[in-house]
Amino acid sequence: MNTHSGATAQVSGSEGANPEPKRISGFVLASPKAKKETKAQRIERLKQGKNPWEALDEIREFARKGRGSVLPEWTSLYFRWWGVYTQGDGVGAVGGQGGEGKATDYFMFRIRIPNGILRSNQLRTIAGICKRHARGSADLTVRQNIQLHWLTIEAIPEAIDELEKVGLFTKGACGDVVRNVTGCPIAGVAADEICDASRLVLEASEMLAGNGDFYNLPRKFKISITGCPVWCSYPEINDIGLTAVERLRDGKREVGFSLRVGGGLSADPHLAARLDAFVRPDQVLPVVRAVTEIFRDQDKLRDNRKRARLKHLFTQFGWTPHRFLHELHSRLGYALDPAVNESAPVDVYRDHVGIHRQKQDHLFYVGASVLRGRITHEQMRAAADLADRFGSGELRTTNMQNLLIVNVPRGNVDSLVRELDRAGLRVAASPFWRGAIACTGTEFCKIAITETKSFARWLVEELEERIPGFDQQLKLHVTGCPNSCGQHWISDIGLEGKKIKQGDEMIDAYYFCLGGAVGEHQRIARPIGYRCAASEVPDAIERLLRSYTANRFEHENLRVYFSRFSDDELRGQLAGAEIPSVKRDLPSAPVPHHVTGD
Ligand code: HEM
Ligand code: SF4
């Protein structure tokens, strides 16, 4: 039974008789009852009332009685603790920002995959559920999860039970809890890793997911732990980011971790602050627990859902890394050693696509690029079968929405690549195909402003046709609203969904953010004041990339190139002319609109 009391927000209408309004200096104050409960207060009240992880039987009951029996507090909140969200009706947020679109009777269903480690039988199970209950289509997500849609209430408990039998869980995939703990997808096989941190990822996950002490956090909480030098699981944008470092102690090499806290994207992105600490491997779990407790116990974060992430302690409440470390040390009851030098990776782009040598002799891993993460049940089954036939039956999901097969003996590599290609899982793909990431968008997301998945596919096809020889790495991220689930803030070319008026119609449009980066040259992408209709995006990107190809210095990548130009100049390259800047946040109006996502 959970004992955490959570926030203490007083909720109107919850108890007692309606007191008389108070009079102060001639003003009449409204009675507490007259005050409408805020969204945050409602959520806090509901969370205090129930730990949804202890209420699976209620979901079973809904499934027995049918969709009509599902209580509103479940659809609006509790389901998330089980990785279940209501699914939008394909229109998105009518009115755009701040609003919320209509829900259908179906549900989204997110399966948590800690460190992206999957066995073939697990993937086959997901493929089976996908075929039977999710119209055959799934999404690999930017947190190494797999998300299904179209589930009925009747299917949910059945799917949860089936997954549990193969060691997979949806518990903790959504909600105000610790989300899927991510890590280097090639942990244990990477030739250049400092250590294999996947054990710590799995242990952290085990410690936190489903644990009643942590069911009621102020908001979602994201953790990444990696032992690799490339940080492709993006510790900088997690609430806790642990990255392996080495130090010399008495002439001996000792592996530990750098600690970052308070990263996060959404509409107000913030890169994590590095603390002055060296975390030994045996201190990782206590540190993760203590930081999560610090977050849980900040009741002031519970007043406003828009300012409820750990990063807001730094951006809104004046905390400094020094103060955070002090708080952490008090929780731990001891002080961590001071930080050591680390070399942050330069220009992180590691989609793991292609054929790569492992640290184990004669073994390789093969990465297939799954265009904007969309995969069919047949493809998942094929990948599982191929992992058995040509590898050790082990697969990995990546933060760039891709799928890897590991432990492939040298002699099997060519056949595996051929078979993956035959299944439509490309091992050799253009930079556009490889670099494209897309969030869920209006197809299923109730707060989306634009359709993203079909748009991203079309954009990639257009760019492949228009600029066939383009050979530079490019992160091309599409996100259907400012929330940045598609991580546009850390991409080279980030597209944020908007609506604009064309004639009498409101149509999909995109606002450009350029030059986002993580690692050594970390920076949030620059909103550069250019917006155009979705249909014109390929023209704009073609103009920009042609300018880049024509004007770049030798070996100059997109990040460096963008850094040489002002916002006005880059806007000019996108528009093909000098044009005035537009504001990033355009208020939108009600929009009937079509969805063609497949
Ligand atoms: C206020 C609302 C939301 C915010 C601020 C938000 C923000 C984010 C951010 C920043 C990420 C990037 C993952 C990362 O941190 O590495 C993410 C992931 C994601 N978001 Fe959202 N999101 C919101 C609501 C939603 C909704 C309503 C949906 C869909 C219906 C959605 C779908 C996703 C998906 C599929 C991912 C992939 C990550 C995963 O597997 O956990 N998000 N979200
Ligand atoms: S970024 Fe995409 S998935 Fe996230 S809330 Fe906006 S539209 Fe939905």
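Predicted model: local features only at pLDDT ≥ 70, side-chain atom pairs only at ≥ 80, totals over all residues.

Me: Which residues touch the most other members of the largest nonpolar core?

Reply: Ile156, Ala383, Ile405 and Phe512, out of 170 residues in that core. A nonpolar core here is a set of buried Ala, Val, Leu, Ile, Met, Phe, Trp, Tyr and Cys residues joined through C-beta atoms within 7 Å. Buried means 20 or more other C-beta atoms within 10 Å of a residue's own, exposed means 12 or fewer, and partly exposed is in between, with C-beta atoms placed from the backbone.

Me: And what is Ile405 in contact with?

Reply: Skipping neighbours within four places in sequence, Ile405 contacts Tyr365, Val366, Ala383, Leu386, Ala387, Gly391, Leu395 and Leu416. Contact means C-beta atoms, placed from the backbone, within 7 Å.

Me: Switching to ligands: how many residues surround ligand 1?

Reply: There are 23, and the closest are Thr141, Arg143, Asn145, Cys445 and Cys485. The cut-off is a C-beta atom, placed from the backbone, within 6 Å of the molecule.

Me: What about ligand 2?

Reply: Ligand 2 has 13 residues around it, with Cys439, Cys445, Ala448, Gly480 and Cys485 the closest.

Me: OK, helices. Which residues of α13 are buried?

Reply: Lys453, Phe455, Ala456, Leu459, Val460 and Leu463. They sit on the same side of α13, because they cover an arc of only 155 degrees around the axis. That arc is taken from the directions from the helix axis to the C-beta atoms. Helices are DSSP runs of H or I with at least four residues, strands are E runs of at least two, and both are numbered from the N terminus.

Me: What covers those buried residues?

Reply: The cover includes β14 (374–376), α12 (431–435), β17 (436–438), β18 (476–479) and α14 (537–551).

Me: Last one: is Arg323 exposed or partly exposed?

Reply: Partly exposed, because Arg323 has 13 C-beta neighbours inside 10 Å. Arg323 belongs to helix α9 (residues 321–332).

Definitions and conventions: Residues numbered from 1 in each chain as written. Chains lettered and ligands numbered in written order. Contact = placed C-beta atoms within 7 Å.
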